[in-house]
Amino acid sequence: MNERRSFMEYVKCGLNIQVLFAIDFTCSNGDPSREEQSLHTYSWEENEYIRGIKSMKVLANYDSCNQYACFGFGAFLPGKNQISHCFPLNFNPYDPRVRGMEGVEEAYKYALQNVKLHGPTILSQILDVTAQLSPQCEKGGILQYTILMILTDGSVTDLQTAIDKLVDYSHLPLSIVIVGVGDDDFNDLRILDSQLIPLVSSKGERLNRDTVRFLALRDYRDRPMEELSADLLERIPSQVEHYFQQQELLPEDGIDYIKQKKNKDYKEKDNDISGEVSVFGSSPSKQQSQLSRQGINSLRKISAPTIASSRTSKDANESEQTDTNKETDNNDEKEDDEFVQKKQSGSKHDIGQEIEIKKQKGKKKEKGKKKEKSKHHSTKKKDKKNGDDTE
């Protein structure tokens, strides 16, 4: 296929972009509890790692899940006597995602206050997990693309291994944005930027396409955040276009991610992977589910155990009520969709009658709510009376 379609065409046809974060917790950043000039300073407004995270906010418009998997590397974890080169910032290997960019910031702050900075700077494990969470797109499946943002302060210990991984994974729907934090010369990180000189692995294999972008954050300290965001993401559209051109996938060849999430059959398939968590959100394809399980399993081996949390009976009741409300809302949405389809297809069915039926259903629903409210009020009043009698 010689035709190259634009990035926005893929977005309009349902391309879903998932964003992953990987943050450097090596001791070369400086201990924030001892050093005022630490790159991980607790003065959050001056913290350049947070500035780097905020620069990616523009991508929130393209991620329909608004959930982001966040990892750290190069630190001792709570209760562990070994260094981890890939751990979830929320310390939950079963689901490393957080909600919203604000959630990314909070997860970073939480991890920073609970880990011990160490080293060295190893990127290969982060790249392995990212690759396993970035499956190939196929015709008739969800069109999805992954962007990994790595924030680090300098030299890379496993540079050649990292290059080998980047070459191996350059056929995947994956772009990597590396942000250099601090005042290092960043020579190793500049080598990884593959635009001018394509990377070559230790086996002599060349990078399949341009996938890596590097920028030094210090060059933007006195410039607006918008400039940093624009430069960081400058090559993403062309990288996305190049990938789909290589795969011979047109925008219309994929399934709209938003619409697919509402598809009943698709939800039933999703339920087949009980007990597993997918970092892809609510609607992974069969291939995505399989690969996401591999990614989660890899993560379990190299990260901290889940921090267990108990639920009170009150929480359980509230959760049960929420599930009931969701089920009711889903039924209402289904009825609305059927109504719209009948209307759009020009069905001979009496539209006026359909509207009247929906009105009656609405009245019954409202009547039920009032009845439930009245019952709750009576129970509350009775409990109060019993309490008074006891006194």
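Buried means under 20% relative accessible area, exposed over 50%, and partly exposed in between (1.4 Å probe, protein chains only). Glu241 is buried because its relative accessible area is 17%. This is a predicted model, where local features need pLDDT of at least 70, side-chain atom pairs count only at pLDDT 80 or more, and totals for chains, interfaces and linings use all residues. Residues are numbered from 1 along each chain as its sequence is written, and side-chain values use heavy atoms, leaving out hydrogens and water.

**Glu241**

**Nonpolar cores**
- A nonpolar core is a set of buried Ala, Val, Leu, Ile, Met, Phe, Trp, Tyr and Cys residues joined through side-chain atoms within 4.5 Å.
- The largest has 51 residues, and those with the most contacts inside it include Leu15, Tyr108 and Phe244.
- A second, separate core of 33 residues includes Ala131 and Val212.

**Aromatic pairs**
- Rings of Phe, Tyr and Trp (its six-membered ring) pair if their centres lie within 6.5 Å; planes under 30 degrees apart count as stacked, over 60 as edge-to-face and the rest as tilted.
- The structure holds twelve such pairs.
- Phe186 and Phe214 have ring centres 5.6 Å apart and planes at 55°, so they are tilted.
- Both Phe186 and Phe214 are buried.
- Tyr243 and Phe244 have ring centres 5.0 Å apart and planes at 70°, so this pair is edge-to-face.
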